[in-house]
Amino acid sequence: MARPAPALRYLFDEDVNPEVARIAARLGFDVVSVHDLGRRGLSDLDQLRFAAMDGRIVVTRNRDDFIVLTVDAFRAGDPHHGVLILPHTVRNDRPAEIARVLEAWHGRWQDVGYPGDYFIDFVS
């Protein structure tokens, strides 16, 4: 019997305006921010591991580091629940705009389910 696809849940990295998580939560998304969890200042690897253990997709603006960490996690077989990268063209001082970008991305996947472990996707 096929296993149901995991729900789309998100962890916003500290480089994403914490107001985005609040707006997204009001839109009905299962989101948390490292700001609200008291996890600011922890390494990207720690954030990625935390997200994987909690079944959350990391949402970040830190493209380069998270690409390397994803490749490393894949090679090591470490848990990884995906990374969603926000480009710097989506301005961090406009949290409602970022929430709309997440809403559009989420809408693409909600009907088909979770895109799979070790995925990296870029939104704009």
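Student: Which way do α3 and α4 cross, left-handed or right-handed?

Tutor: The crossing of α3 and α4 is right-handed. Keep in mind that we're looking at a predicted model.

Student: And which residues of α3 and α4 make the contact?

Tutor: On the α3 side you'll find D44, L45 and L48, and on the α4 side D65, F66 and L69. Sort the contact by class and you get four nonpolar, no polar and two charged residues.

Student: At what angle do α3 and α4 pack?

Tutor: Helix α3 (residues 44-53) and helix α4 (residues 63-76) pack at about 60 degrees, and their axes are 10 Å apart. Angles under 35 degrees would count as roughly parallel, and 65 to 115 as roughly perpendicular. That's why α3 and α4 are called oblique to each other.

Student: Now the sheet. How do strands pair, in general?

Tutor: Strands of a sheet pair through backbone hydrogen bonds, and the pairing can be parallel or antiparallel. Here, five strands make an open sheet, ordered β2-β1-β3-β4-β5, with parallel pairing.

Student: Which strands are at the edge?

Tutor: Those are β2 (30-33) and β5 (120-122), each pairing on one side only. On average, neighbouring strands of the sheet are turned by 25 degrees against each other, ignoring direction.

Student: How many bridges join β1 to β3?

Tutor: Three bridges link β1 (residues 9-12) to β3 (residues 57-60). Look for F12, which stands opposite V59 in β3.

Student: Which strands does helix α1 touch?

Tutor: Helix α1 (residues 18-26) packs on the sheet against β1 and β2, and its direction makes about 160 degrees with that of β2. Helix α5 (residues 95-110) also packs on the sheet, touching β1, β2, β3, β4 (83-85) and β5.

Notes. Residues are numbered from 1 along each chain as its sequence is written. This is a predicted model: local features need pLDDT of at least 70, side-chain atom pairs count only at pLDDT 80 or more; totals for chains, interfaces and linings use all residues. Side-chain values use heavy atoms; hydrogens and water are left out. Axes are lines fitted to C-alpha atoms, for helices over the stretch in contact, and angles run from 0 to 180 degrees between N-to-C directions. Helices (H or I, at least four residues) and strands (E, at least two) are DSSP runs, numbered from the N terminus. Angles under 35 degrees count as roughly parallel, over 145 as roughly antiparallel, 65 to 115 as roughly perpendicular and the rest as oblique. A crossing is left-handed if the near helix is turned anticlockwise from the far one by less than a right angle, and right-handed if clockwise. Contact means heavy atoms within 4.5 Å. Ala, Val, Leu, Ile, Met, Phe, Trp, Tyr, Cys and Pro count as nonpolar, Asp, Glu, Lys and Arg as charged, and the others, Gly among them, as polar. Two strands pair if DSSP finds at least two bridges between them.
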